[in-house]
Amino acid sequence: MKYIGGALKYVFKNFIFIFPFALLPSYFFAAALDLESLELIVRKLLAADSDVAFIAVFNSFSLINGPRWVFGVISFACMAVCMPMLFAFIERHMRIGARSFKGVVRRINYYFLTTLVMLIIALAIYELWALVASGLIYASVILFGGVACLVVAIVIALGMFALLAYIFTQLWLWLPCLHITGYHFMDALVFSSQTIGSNKKRLYVAVLLPYLAGMALILAAVGVCGMYEIIVPVFVLIELIYILLFLYFCALMYTAYFDAAGEERADLKKRF
């Protein structure tokens, strides 16, 4: 729980400075969500009904889904612009203790390309994962029936979430290593794997648990939306969840890196 606490502490302590970087990506990310498919999934879960189509499952997982793919693309573009500035702010703050926007825009040239490449890799991994996860869950619908199908589908979904978290854990420190050490892509990947070392389980928990909690909150919000037919408040709630997850996961990269690399964080030094 050390990494979870450290990342959350950084987010809430510096929220007023970093939340502007998350507004546009989170807004379009929430807009890209296929609420109809998610509401159908929630309704089926509550009714213990396993009759669901493959496309509904895939649209619930995929970020670039059929009905709202334009918003997904815009969200990706916003992340490609906002994340480098956020990383520049966090890295400068943790490295020298300066909590200001000075030089953040100028640093975007240094962070942009590496961040864009990592976003493309992460999106490709996630969309492939979404396709496989949807296929496995739909296979359980075909092979089983009733409550047994529901149980198997939930187990498969949880297992696939655990697999996704494991895959991303292997890559989690890659971007901070690229930014801080200046290594080339493959050298940074090797160094990031060596750096995390025995802390890999701790990082895995820090990636998996908040992600599962965020998804559970989103499903609960969508369930309320379908039950009471309220759209705008639920959309705002989902956007707030995405903002917190976005900031948390970005902060986690650097809090985990500085801890694993044994580097002193200037932002934690007491000022007298």
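Helices are DSSP runs of H or I with at least four residues, numbered from the N terminus. The model is predicted, so local features need pLDDT of at least 70 and side-chain atom pairs count only at pLDDT 80 or more, while totals for chains, interfaces and linings use all residues. Residues are numbered from 1 along each chain as its sequence is written, and side-chain values use heavy atoms, with hydrogens and water left out.

**Exercise 1.** Find the place of Asn199 and decide whether Asn199 is buried or exposed.

*Solution.* Start with the loop between helix H10 (185-196) and helix H11 (200-228): Asn199 lies there. Next, take its relative accessible area, which is 16%. Buried means under 20% and exposed over 50%, with partly exposed in between (1.4 Å probe, protein chains only), so Asn199 is buried. Finally, look for contacts (heavy atoms within 4.5 Å): leaving aside neighbours within four places in sequence, Asn199 is in contact with Tyr3, Asp259 and Ala260.

**Exercise 2.** Work out which residues touch Phe61, not counting those up to four places away in sequence.

*Solution.* First, list the partners: Phe61 touches Tyr126, Trp129, Ala130, Ala133, Ser134, Ile137 and Phe161.

Conventions:
Helix = DSSP H or I, 4+ residues; strand = E, 2+ residues; numbered from the N terminus.
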